[in-house]
Amino acid sequence: MEPVGRRKRIGLVAHDNKKRDLIEWAGYNRMLLEGHELVATGTTGTLLEDAIGLGIEKLHSGPLGGDQQLGALIAAGDIDFLVFFWDPLEPQPHDPDVKALLRIAVVWNIPVACNRASADFMISSPLMISDYMRAVPDYATYLNRVVE
């Protein structure tokens, strides 16, 4: 178990066709978001910061490595919640990075919201403003396996 404090570190990502949705969602939930630390991929972060007026740590643009930077933060235990509005109808040139980001969030048991409805449910959960003991998977058996 790993303690997650009341102030969460939230990763924010949106594909081009979903950026408007994320901006509208963040604007609607601005008061809830201001109590947390926000980290976003580059273009998304810049658009969000301009739209909602909150400071956001910006990584590289997603296709230029931002998705992988966010994944590394998750693997290091530095992201508590991921909001990733991805576009299921549009092929992405960096699709392997997208899948890797979603995969690493699941591997490390990070809550992931992929659309407005799931993001609304999660951001309004009492767990977002309270301490939480997150179960961290134990990969010791996997790491110590004998490879022949």
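**Close-up views of a predicted model**

**View A.** Beyond its neighbours within four places in sequence, Thr 41 touches Leu 12, Val 13, Leu 59, His 60, Gly 62, Gly 66 and Asp 67, where contact means heavy atoms within 4.5 Å. The model is predicted, so local features need pLDDT of at least 70 and side-chain atom pairs count only at pLDDT 80 or more, whereas totals for chains, interfaces and linings use all residues. Residues are numbered from 1 along each chain as its sequence is written, and side-chain values use heavy atoms, with hydrogens and water left out. Thr 41 lies in the loop between S3 and H3, helices (H or I, at least four residues) and strands (E, at least two) being DSSP runs numbered from the N terminus. With a relative accessible area of 3%, Thr 41 is buried (buried is under 20% relative accessible area, exposed over 50% and partly exposed in between, with a 1.4 Å probe and protein chains only).

**View B.** Arg 9 counts as buried because its relative accessibility is 16%. Apart from neighbours within four places in sequence, the residues in contact with Arg 9 are Glu 37, Val 39, Glu 57, Leu 73, Asp 78, Ile 79, Asp 80 and Phe 81. Pro 88, by contrast, stands 79 residues from Arg 9 along the chain, and 25 Å separate the C-alpha atoms of the two.

**View C.** The buried residues of helix H1 are Lys 19, Leu 22, Ile 23, Trp 25 and Ala 26. Around the axis these residues span an arc of only 165 degrees, which places them on the same side of H1; the arc is that of the directions from the helix axis to the C-beta atoms. Arg 20 and Tyr 28 are exposed on the other side of H1. The cover over the buried residues of H1 includes S2, helix H2 (30–33), H3, S5 and helix H6 (116–123).

**View D.** Helix H1 (residues 19–28) and helix H3 (residues 42–52) cross at roughly 40 degrees, their axes coming within 10 Å. H1 is therefore oblique to H3 (under 35 degrees counts as roughly parallel, over 145 as roughly antiparallel, 65 to 115 as roughly perpendicular and the rest as oblique). Axes are lines fitted to C-alpha atoms, for helices over the stretch in contact, and angles run from 0 to 180 degrees between N-to-C directions. The crossing of H1 past H3 is right-handed, that is, the near helix is turned clockwise from the far one by less than a right angle, anticlockwise being left-handed. H1 contributes Lys 19, Leu 22, Ile 23, Ala 26 and Gly 27 to the contact, and H3 contributes Thr 43, Thr 44, Leu 47, Leu 48, Ala 51 and Ile 52.

**View E.** Helix H4 (residues 66–75) has Gly 66, Asp 67, Leu 70, Gly 71, Leu 73 and Ile 74 as its buried residues. Viewed down the axis of H4, these residues fall within an arc of 155 degrees, so they line one face of the helix. Among the elements covering them are strand S2 (9–14), strand S3 (37–40), strand S5 (81–85) and helix H5 (95–107). Gly 77, which follows H4, has a positive phi near 80 degrees.

**View F.** H4 and H5 pack with their axes 9 Å apart and at an angle of about 15 degrees. The two helices are therefore roughly parallel to each other, and H4 passes H5 in a left-handed crossing. Asp 67, Gln 68, Leu 70, Gly 71, Ile 74 and Ala 75 of H4 meet Asp 97, Val 98, Leu 101, Ile 104 and Ala 105 of H5 in the contact.
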